[in-house]
Amino acid sequence: MWPWHLTAYKSAPDMHLNYHFFRFLCPALENKTRGSRVVTCFSQNKEELIIEFQNEKDTPFFIRALLLPSNSSLSFPRDFKRSKKNSVDLFPEIVNHKVTNLHLLAFERAFFLELDNSLLLLFKMHGSRSNIMLYPSKEGFPTRLFRKDLQEDMGLTIASLEKPLDLSWDRFKQLEGNASQYLPTLGKLPRAWLKKQGYLEADLERRYHLIQEVRDMMDSPLFSVFQQEGKYLLTLLPCPDALTSTTDPLEAANNYYQKAVVQQAFDNQKQALLRSLTDQRKKTENYLQKTREKLQTMENEPALSQTADIIMANLHQIPAGSEKVNLFDFYTNELREIRLKKGVSPQQHAENLYKKSKNKKIEFEQLRKNLAVKEKQLAELKLEEEEWQQVEDFRDLKTAIKTGKHHAVKQVEVQLPYKKFEIGGFEVWVGKSAKSNDELLRRYTWKEDIWLHAKDVTGSHVIIKQQSGMSLPNPVLERAASLAAYYSKNKSSSLAAVIYTPCKFVRKVKGSPAGAVMVDREKVIMVSPEGPENL
C-alpha cells in the first residue's frame, strides 16, 4: 500500500496554514488578545478583514486576515491606517466586547476567539476555502460569514471541525503506515521530507520512526521562510536556505506575509514588466536582422534604372515580341540576359523600370530610417531592461514608472483583456474584444462578481468587481449597465435592455464562438447607453 495518496499530497496545506504551526501561533495570539477589547472590525479590500484590539494599557493589536483564494494568510501589523473611503464595518456584534479565551481546534486549521458576550469568532483557514464566521455557541450554526460566497459554511458547526487523532503505534500498524490517514495534518514540506528519507521503500518500523522524527522537528519552535521554485514558503523543518528565521510565531507570520504576499506581488509585477521588455527586444532584434538582410539583397541586385538604360541604348537590337534578350551591359562591360514582359514594348518596359527605380530609392530610404529608429529603440530597451533589473521594491517600481520608463508599462497595460473604470467606489471592467471577453471571464473574475451584457446583441462583457461585505448600490449597477449597452450593437439606441447575473451563473460552452456564453438566472435592466466620458 502507498504510504499516502498522490491527491492527498497535492492538496496538503502550506505550513503557514498548518495545524502544527497554529499550535505555536494560537498561544501567542491568546497572550496578545485575552482580556483585550475589540475596538473595530472592518474591511477595505476584497477578501481582507482587519480586527483591532486594545488592552487595559490601550496598546493596539491588529489581526489582518487575507482570504485570497490564491493565498490566504494571517498577519499582525504593528499599526494599520484605515482608509477614509471604500471601507465597511463588519461583525458589529463583537465590537466593544472583550476576548475571554482563544481555542485551537484539535488537529484542525481553525481556531476561535471567545468573547464576554458568549459569541465565538471562528477563523477557518482552509486554503482557498478560508472563511471567518460568527457563532452563538460551539454547537450552533454561524449567524454571519465574512466570505458570503461560501454559503455551505452556514451549515458548519465548530464541534464538527475537531478531529481527535490516535497517534499510537497500534493505529499506525492498523493503517499499514499510510501517512495521509495516520497524520493528515503533515503538510507538503514534511511529506516531501519523508519521501526524501526513503519513506516509500522503508519497512513499517522505519516509517514509524520517520514519522516521529518529523513530528519532533515540527515540535521545535523555529520558523523559517524560504523560496522554492519562485514561491515563498514557511517551514518548521531545518532550513539551510532560509530568508528569515525566528522563534516567534507572530513574527514568522508577518515574515511570511511580507514575502508571500507583498514581495510575491512585487516579483510578479516586476517579472511581467521584464517579460514584456524581453518580448519587445526580441521582436526588435528580429526586425533589425530581417531588414538588414533585405537591404543587403536589394543592394546586391542590379539597379533597375541601369537595366532601363541598357534597354533604351539597344532598342534597335531587340526583336519584336522578345521575352528575353542578351544585351551588352556597359556598366559591367559584359553581355547580360534581360527579361522583357510579354505584350509590353521594350521602351514601355524601360519606362516602368525607371518608375520602379524611383520607388525602390524611396523604399531604401524608408528602410534605412526604420533601421535607425529600431536601433535606437533596441538600445533603449536594453538600457531599460538593465534598470528594471535593479528595482528592488514597490517604491522603486513606482519611481521607475514615473520617471518615464514606459516601454514595459505600456506593453503590460496593452496585454490586459479589459478596460478599467471606477463607478461609486466599485471597479468595472469592460472586455476589449470577443476573445478578450472569454479571457476576462475565465481568468479575471470571481464567482460573486456581477456580469452584464447587452441583451440579444453582440457586445462587450462588463464585470462589476464585488467587495466583501458591501452590497451593490443600484446607481452603480445602472451605470455599469449603461456601459454594457454603449459597448454593444445597441450603442445608438435611446433605450436598451441589459442582462446581469453573478459570474457563477455564466459559463462557456466547449466549441462555442469567442465571446459566446450560456447564462442562467439573469435579470434584465433597461438603461440608456452611455460611454465612459463622464466617469
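A salt bridge here is a side-chain nitrogen of Lys or Arg within 4 Å of a carboxyl oxygen of Asp or Glu. By that rule, lysine 465 and aspartate 449 meet through their side chains, at 2.5 Å from N to O. The structure holds 22 salt bridges and 0 disulfides. This is a predicted model: local features need pLDDT of at least 70, side-chain atom pairs count only at pLDDT 80 or more, and totals for chains, interfaces and linings use all residues. Residues are numbered from 1 along each chain as its sequence is written, and side-chain values use heavy atoms, with hydrogens and water left out.

**Salt bridges across the chain**

- The pair of lysine 465 and aspartate 449 links distant parts of the chain, 16 residues apart. Lysine 465 is in the loop between strand 19 (462-464) and helix 14 (474-486). Aspartate 449 is in the loop between helix 13 and strand 18 (450-454). Helices (H or I, at least four residues) and strands (E, at least two) are DSSP runs, numbered from the N terminus.
- Both lysine 465 and aspartate 449 are buried. Buried means under 20% relative accessible area, exposed over 50%, and partly exposed in between (1.4 Å probe, protein chains only).
- Lysine 508 forms a salt bridge with aspartate 438, and their closest N and O atoms are 3.1 Å apart. This pair is 70 residues apart: lysine 508 sits in the loop between strand 21 (506-507) and strand 22 (518-519), aspartate 438 in helix 13 (residues 434-443).
- Lysine 508 counts as partly exposed because its relative accessibility is 37%. Aspartate 438, at 14%, is buried.
- Aspartate 520 and arginine 507 also form a salt bridge, 2.7 Å from N to O. They lie 13 residues apart, with aspartate 520 in the loop between strand 22 and strand 23 (523-527) and arginine 507 in strand 21.
- Aspartate 520 is partly exposed at 32%. Arginine 507 is partly exposed at 40%.

**Around arginine 147**

- Glu47, Arg147 and Asp149 are linked in a network of salt bridges.
- Arginine 147 is in the loop between strand 10 (144-145) and helix 3 (158-161). Its relative accessibility is 1%, so arginine 147 counts as buried.
- A polar atom of the arginine 147 side chain lies 2.9 Å from the backbone oxygen of serine 128.
- Leaving out residues up to four places away in sequence, arginine 147 touches Glu47, Leu67, Pro69, Ser128, Arg129, Ser130, Asn131 and Trp446. Contact means heavy atoms within 4.5 Å.

**Helix 2**

- Helix 2 (residues 19-33) has 15 residues. From first C-alpha to last it reaches 20 Å, close to the 21 Å expected at 1.5 Å a residue. The expected span is 1.5 Å times one less than the number of residues.
- At leucine 25, helix 2 bends by about 30°, and proline 27 follows within four residues. The bend is the angle between axes fitted to the seven residues ending there and the seven starting there.
- Buried residues in helix 2 include Tyr19, Phe22, Leu25, Cys26 and Leu29.
- At its start, a side-chain oxygen of asparagine 18 reaches to within 2.7 Å of the backbone nitrogen of histidine 20.
- Glycine 35 follows helix 2, with a positive phi near 85°.

**Cysteines**

- With 0 disulfides in the structure, cysteine 41 is in none, and the nearest cysteine sulfur, that of cysteine 26, is 18 Å away. A disulfide is a pair of cysteine sulfur atoms within 2.5 Å.
- Cysteine 41 is buried, at 1% relative accessible area.

Conventions. A polar contact is a pair of N or O atoms within 3.5 Å; within protein, one must be able to donate a hydrogen and the other to accept it, and residues adjacent in sequence count only if both atoms are side-chain atoms.
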